[in-house]
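Here is my notebook on a first look through this structure.

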Amino acid sequence: MIDPFMLAAIEQAKKSLAEGGIPIGSVLVINGEIVGRGHNQRVQKGSCVLHAEMDCLENAGRLTAKDYQNAVLYSTLSPCDMCSGTVLLYGIPKVVVGENRTFQGPEAYVQSRGVELVIQDNTECVQLMQDFIAAKPELWNEDIGE
């Protein structure tokens, strides 16, 4: 079965790539509806914090604690420490990850804090990242702080 929310996140990843950025996308879903979309914009906006998940949450705007408690965050790649911390801060109970082969954030820690983590191992997500890392390893290393 094709997950329409992950497809929307992949669309965002491809948008970032087309803009010259890093192909990572994210959507925030509340009660079966996408309320925020985002993609990695560190390159495009010269930002140190606009990972896909951060851009997505910013685009969702101000939400209530109850909204976050009913939310699911989708990301094409395993969220990093910064993005995982934001999930914990706002109490988002579930994160669906496209892939964690090319990069794995603090998944065990996030799970130990009660977040349900679903790893889809989506081949399109893996391919997007593998191709990007091979083509632009220095940009990728910058994105993950190496």
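This is a predicted model: local features need pLDDT of at least 70, side-chain atom pairs count only at pLDDT 80 or more; totals for chains, interfaces and linings use all residues.

I began with contacts (heavy atoms within 4.5 Å): among those in the protein chain between residues at least 6 apart in sequence, 54% join residues at least 24 apart. Residues are numbered from 1 along each chain as its sequence is written, and side-chain values use heavy atoms, with hydrogens and water left out.

Next I looked up burial (buried means under 20% relative accessible area with a 1.4 Å probe, protein chains only). I found that 49% of the 146 residues of the protein chain count as buried.

Then I listed the elements, which are DSSP runs numbered from the N terminus (helices are H or I, at least four residues; strands are E, at least two). The protein chain has eight helices and five strands. Its radius of gyration, taken over C-alpha atoms, is 14 Å, close to the 15 Å of the globule rule for 146 residues, so the chain is as compact as a globular protein of that length; the rule is 2.2 Å times the number of residues to the power 0.38.

I finished with helix H1, residues 4-18. Its buried residues include Phe5, Met6 and Ile10. What do the buried residues of H1 pack against? I found strands E1, E2, E3 and E4 as well as helices H2 and H7. Just after H1, Gly20 takes a positive phi of about 90°.

Note on methods. The expected span of a helix is 1.5 Å times one less than its number of residues. Buried means under 20% relative accessible area, exposed over 50%, partly exposed in between (1.4 Å probe, protein chains only).
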